[in-house]
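Hi,

Here is the model I promised to pass on. Have a look at it first, and then read my notes below.

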Amino acid sequence: MKYEIVELKEKSVAGLSVRTSNLSPDMPKIIGGLWEKFYAGGIYEALAKGEKKPSYGIYTQYESDETGSYTFMTACESDGENLPENTKAMTIPAGKYAKFTAVGDVQTAVMNAWKEVWESNLHRAFICDFEEYTSDEMKNAVISIYVGLK
């Protein structure tokens, strides 16, 4: 899978977070459950304040590399004010990222794209990586995946 190197400005977001690991057998269930709470629990609507905003799946606070634990966050852009209960704000840091584009069924496309990232020889920073979802299309989605670089 091809990627492009991009420079991003910092972005303020807020949402729900959980600690997990790619080696945890429950990881897909944990992350899927957090997305469900984010949407079905009204968190997205409260944070978006009636606007159509991209959603983010953020990987941060890495213990080491992709084999260690990390914090996963479901989020959208937010000014950080009047946050719903149990949500928190964070900043996606500015910097250099490798941008991958995944197309197709959301779950399959994202999983396949991450496999490509893991098999790449990128010099990853393991500070912040994220997925950007700009539509609610599930079967023919276009998802941008940003991998932080050193």
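**Salt bridges, and one serine**

Glu77 and Lys11 form a salt bridge, with 3.9 Å between the closest N and O atoms. By salt bridge I mean a side-chain nitrogen of Lys or Arg within 4 Å of a carboxyl oxygen of Asp or Glu. Glu77 sits in strand E4 (residues 69-77) and Lys11 in strand E2 (residues 11-21), so this pair ties together parts that are 66 residues apart in sequence. Strands (E, at least two residues) are DSSP runs, numbered from the N terminus.

Before you go further, a word on the source: this is a predicted model, where local features need pLDDT of at least 70 and side-chain atom pairs count only at pLDDT 80 or more, while totals for chains, interfaces and linings use all residues. Residues are numbered from 1 along each chain as its sequence is written, and side-chain values use heavy atoms, with hydrogens and water left out.

The cut-offs here are under 20% relative accessible area for buried and over 50% for exposed, with partly exposed in between (1.4 Å probe, protein chains only).

How many salt bridges does a search of the whole structure find? There are 5.

Another one joins the side chains of Glu66 and Arg124, at 3.3 Å from N to O. This pair also links distant parts of the chain: Glu66 is in the loop between strand E3 (55-60) and E4, Arg124 is in strand E7 (residues 124-133), and 58 residues separate them. Glu66 is partly exposed, with a relative accessible area of 25%, whereas Arg124 is buried at 7%.

Asp129 counts as buried, at 0% relative accessibility. Taken together, Glu66, Arg124 and Asp129 are linked in a network of salt bridges.

Last, the serine. Ser144 belongs to strand E8 (residues 141-149) and is buried, with a relative accessible area of 11%. Which residues does Ser144 touch, leaving aside its neighbours within four places in sequence? They are Lys99, Phe100, Phe130, Glu131 and Glu132, where contact means heavy atoms within 4.5 Å.

Cheers

Conventions: Helices (H or I, at least four residues) and strands (E, at least two) are DSSP runs, numbered from the N terminus.
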